[in-house]
Amino acid sequence: MAGRFSLLEEELSCPVCTEIFRDPVLLKCSHSFCKACLQKWWREKGSRECPVCRRKSSMDIPLNLSLRNTCEAFLKERSQRATAGSEELCSLHSEKLKLFCLEDQIPICAICQTSKKHENHKLRPVQEAAEEYKDKLRTALAPLQEKLKAFNEVKLICDQTAEHIKSQAQRTERQIKMEFEKLQQFLKDEEAARIAALREEEEQKSQMMKEKIEKMTEEISSLSEQIRAIEQELGAEDISFLQSYKDTVKRAQCTLQDPEKVSGALVDVAKHLGNLKYRVWEKMLGTVQYTPVTLDPNTANPNLSLSEDLTRITLKAASYYEHQ
């Protein structure tokens, strides 16, 4: 039975995280992955390819509902087996497991206590050992809960900042339009160019916050799942708890770094609005040729021809020959 479950668990495990599938999605190459694992893989690799066969994939990644239902049924059955396992007897002597060997970290029966295998080993009653290790696990759980709280707080700030970025962009756009309404066609071209720059910055900043929010969401989800699993173990019967204690302690170790504070994410309003009229006027001035002398056609000699912009003169041909 154990072998059958081990093989089934392997078949129902994500190739990326090696855990039982969570929200499995199916690629066209027939490989399945946790949705979060696949998205994280694609972000890190920079390409939408299958982590197993490297085949390119499209944007459409449907949920594998059949596989998800199978995984849920497997987890439910495994949980029921773990609960039923609290009544297990010693595999060697068919006696109740009443003691816990501190050296070997396993529950044993009274006969095992007198065996050579456990000679001079420190032992504790199962209930006493379970309570002691539960206390240790509760202590290990506290930092995880604090870290989850920190991630939630930073995510809240990220959500508010994302909304503020949008509000800033809208407000700045209105101010830019008010300034450009006073100008002619040249200024309308400038308006379009500066709004495009604002849009680009908004997109960059919004994309940065979107990626940060997605990362926070993934890490919060991971921590929440880790905490739920540990809390579930804390609620298990003593024997089942002690049998899985080693693995549970390992899962309680947090490898995530503390969340980074949000900085440098807001729209650079000063860059878009600072000295706007002067900078636009200065740019417009650069496109206009300045002529210090303007010729007056009303006082010019009749033998001279003035250009349309009143900046150049030429001698009329007829006047030249008459002079000769």
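I take helices (H or I, at least four residues) and strands (E, at least two) as DSSP runs, numbered from the N terminus. Two strands count as paired if DSSP finds at least two bridges between them.

Entry 1, basis. I worked on a predicted model, in which local features need pLDDT of at least 70 and side-chain atom pairs count only at pLDDT 80 or more, while totals for chains, interfaces and linings use all residues. Residues are numbered from 1 along each chain as its sequence is written, and side-chain values use heavy atoms, with hydrogens and water left out.

Entry 2, sheet. I looked up strand β3 (residues 99-101) and found three bridges joining it to β5, the two running antiparallel. One of the pairs is Leu99 with Pro125 of β5. I then traced the open sheet of three strands, whose order is β4-β3-β5 with antiparallel pairing. Its edge strands, β4 (106-108) and β5 (123-125), each pair on one side only. Neighbouring strands of this sheet are turned by 35° against each other on average, direction ignored; the axes are lines fitted to C-alpha atoms, for helices over the stretch in contact, and angles run from 0 to 180 degrees between N-to-C directions.

I searched for disulfides (pairs of cysteine sulfur atoms within 2.5 Å) and found zero. For Cys101, the closest cysteine sulfur is that of Cys112, at 9.7 Å, which is too far for a bond. For Cys109, the closest cysteine sulfur is also in Cys112, at 3.5 Å, again too far for a bond.

I use buried for under 20% relative accessible area, exposed for over 50% and partly exposed in between (1.4 Å probe, protein chains only). Cys101 is buried at 0%, and Cys109 is buried at 0%.
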